[in-house]
Each structure stands twice: as C-alpha cells, then as structure tokens.
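Here is a short report on one protein chain. Please look over the sequence and the structure before reading on.

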Amino acid sequence: MAYGVIAIVLSAVLSPFLHGEPQGPLANPFAVVSVLTTNALWGALSGGLALAVRTALGRGAAGD
C-alpha cells in the first residue's frame, strides 16, 4: 500500500507540471480507493506466494 500512496502523491505533484492540470487519482476520489485496494491485493498475493515458497523450501514461518 505504501507504493500506492507514493504513486498518488507523485501524481498529485507532477501532473500539474506535465499536463497543466491535476490528473490521476486525486482528480477522482474513487480512483484513490481503487489504487490502494489494487496495491493491497498485490501485496497480499506477493506475501502469500513468498510464504508458500518459504514453506516449500522447508524454512517454515518467519517466527520459526
């Protein structure tokens, strides 16, 4: 989700310079929710895959 927040902030800062007007997620509040949700889902998927690989390699959970 940190990437989503950074992308939203960068879009808010850079789009007026590049396009002459605010564009991106901050111009549409529903897009903010969409960006954060998408990044949370990708993070969960990546974390689950990393845990599965770690378990398959016999290293167990992080606390083991």
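## Terms and model

A residue is buried under 20% relative accessible area, exposed over 50%, and partly exposed in between. The model discussed here is predicted.

## The loop residue Q23

Q23 sits in the loop between α1 and α2. Its relative accessibility is 32%, so Q23 counts as partly exposed. That value falls between the cut-offs of 20% and 50%.

Beyond its neighbours within four places in sequence, Q23 is in contact with S11 and S15. Y3 is another reference point for Q23. The two are 20 residues apart in sequence, and their C-alpha atoms lie 18 Å apart in space.

Helix α1 covers residues 2-19, and L18 belongs to it. S11 is also placed in helix α1.

Is S11 buried or exposed? S11 has a relative accessible area of 19%, so it is buried; the cut-off is under 20%. Which residues does S11 touch, leaving aside its neighbours within four places in sequence? They are P16, Q23, G24 and P25.

L18 gives the other case. Its relative accessibility is 65%, so L18 counts as exposed. The cut-off for that class is over 50%.

L18 is also part of a nonpolar surface patch. V5, I6, V9, L10, V13, L14 and F17 make up the patch together with L18. The area of this patch is about 800 Å².

## Helix α2 and what follows

Helix α2 takes in residues 29-56, which is 28 residues. From first C-alpha to last, α2 reaches 41 Å. At 1.5 Å a residue, 40 Å is expected, and the span of α2 is close to that.

Just after α2 comes G58. G58 takes a positive phi of about 85°.

## The chain as a whole

How many helices and strands does the protein chain have? There are two helices and zero strands.

The C-alpha trace spans about 55 × 20 × 15 Å along its principal axes. The radius of gyration of the protein chain is 17 Å. For a compact globule of 64 residues, a value near 11 Å would apply.

Of the 64 residues, 9% count as buried. S11 is buried. The protein chain exposes about 4900 Å². Carbon and sulfur atoms supply 72% of that area.

Key. Residues are numbered from 1 along each chain as its sequence is written. This is a predicted model: local features need pLDDT of at least 70, side-chain atom pairs count only at pLDDT 80 or more; totals for chains, interfaces and linings use all residues. Side-chain values use heavy atoms; hydrogens and water are left out. Patches are made of residues with over 30% relative accessible area and no salt bridge: like charges are joined within 9 Å, nonpolar side chains (Val, Leu, Ile, Met, Phe, Trp, Tyr) within 5 Å. Accessible areas come from the Shrake-Rupley method with a 1.4 Å probe; for residues, only the protein chains shown count as cover. A salt bridge is a side-chain nitrogen of Lys or Arg within 4 Å of a carboxyl oxygen of Asp or Glu. Helices (H or I, at least four residues) and strands (E, at least two) are DSSP runs, numbered from the N terminus. Buried means under 20% relative accessible area, exposed over 50%, partly exposed in between (1.4 Å probe, protein chains only). The radius of gyration is taken over C-alpha atoms; the globule rule is 2.2 Å times the number of residues to the power 0.38. Contact means heavy atoms within 4.5 Å. The expected span of a helix is 1.5 Å times one less than its number of residues.
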